[in-house]
Amino acid sequence: MAFGMSLQERTLTVIHLDHLTGEYVGEGQVLIPPMTGLPAHCTQVEPPRDKTNFARVFNEAIGRWRYIEDHRGRTVYDKNTGFTHVISDIGKLPDNMTLAKPDSPYSKWSGSAWIEDEEAALQAMQQGNKNKKDVLLDTAMRLMVPLQNAVKLNMATSDEQRQLTEWEKYTVLLNRVDLNHPQWPVPPYVA
């Protein structure tokens, strides 16, 4: 329906538009004083049906509606890093983003889908196992120092000598652990 000026005051139903994006906000009644036009950011042109994942946007310059992709509020994933982002603007997804969620922290984008980066997963597993081994060795060494001092000073009891031997065996076994297929030795009992 085309708007026309009138000498009479009147109430019209209008479609309200977002003042920044021009998208459909809702409908309402407005009072139009004599010899004035429609208020800003509204039209009487009926919008198209609502469409999932699209915003209905009115182009005031040409007086027509169009659909624009709308992913606002959706979580997307950066194809280079796998990091998440939440979309806040209407429009197509940026080229470096996808709606597909990576399968693991070691997924990488193949150009059309996420694939497992087996080398990165293996390196991370090995590094995790190395870190665990280092912590276990550090703990064992801290427990062995007082026992070694007691033996060195000829002050060790037979129980302390036995404990030191058990801890030394434990550290040897820890150093033999295969980081690809770890079989962690059981530490000696600490009283």
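Which strands form an open sheet, and in what order? In this predicted model, three strands form an open sheet in the order S7-S6-S8, and the pairing is antiparallel. The edge positions belong to S7 and S8, each of which pairs on one side only. Strand S6, which covers residues 75-78, is joined to strand S7, residues 84-86, by three bridges, the two strands running antiparallel. Within this pairing, Thr75 has Val86 of S7 as its bridge partner. The two strands S6 and S7 form a hairpin with five residues between them, and Gly82, which lies in the turn, has a positive phi of about 80°. Strand S8, residues 97-98, pairs with S6 in the antiparallel sense over two bridges, and here Asp78 finds its bridge partner in Met97 of S8.

A further antiparallel pairing, over six bridges, links S4 with strand S5, the latter made of residues 64-69. In this pair Phe58 stands opposite Trp65 of S5. The strands S4 and S5 form a hairpin with four residues between them, in which Gly63 takes a positive phi near 70°. In general, strands of a sheet pair through backbone hydrogen bonds, in either the parallel or the antiparallel sense.

Positive phi values also occur at residues other than glycine. Most residues other than glycine have a negative phi. Met35, although not a glycine, has a positive phi of about 55°, and this residue lies in the loop between strand S2 (24-32) and strand S3 (42-43). Asn53, likewise not a glycine, has a positive phi of about 65°, and its place is in the loop between S3 and strand S4 (54-59). With a relative accessible area of 34%, Asn53 is partly exposed.

Met35 also takes part in a feature of the surface, since a nonpolar patch of about 370 Å² is made by Met5, Leu7 and Met35. Of these residues, Leu7 is found in the segment before strand S1 (10-17), and Leu7 is exposed, its relative accessible area being 68%.

Among charged side chains, the structure holds six salt bridges. One of them is formed by Arg56 and Asp50, whose closest N and O atoms are 4.0 Å apart. The two partners fall into separate classes of accessibility: Arg56 counts as buried because its relative accessibility is 14%, under the 20% cut-off, whereas Asp50, at 59% relative accessibility, counts as exposed because this value is over 50%. A second salt bridge is formed by Asp70 and Arg72, with 2.7 Å between the closest N and O atoms. Asp70 counts as buried at 18% relative accessibility, while Arg72, at 33%, counts as partly exposed.

Another salt bridge brings together the side chains of Asp134 and Lys130, with an N to O distance of 2.9 Å. Both Asp134 and Lys130 lie in helix H1, four residues apart, which is about one turn of the helix. Asp134 is partly exposed, with a relative accessible area of 30%, and Lys130 is also partly exposed, with a relative accessible area of 36%. Salt bridges that share partners join Glu23, Asp70 and Arg72 into one network.

Methods:
Residues numbered from 1 in each chain as written. Heavy atoms only, no water. Patch = residues over 30% accessible without salt bridge, like charges linked within 9 Å, V, L, I, M, F, W, Y side chains within 5 Å. Areas by Shrake-Rupley, 256 points an atom, 1.4 Å probe, with all protein chains shown as cover. Buried < 20%, exposed > 50% of the residue type's maximum accessible area, 1.4 Å probe, protein only. Pairing = 2+ DSSP bridges.
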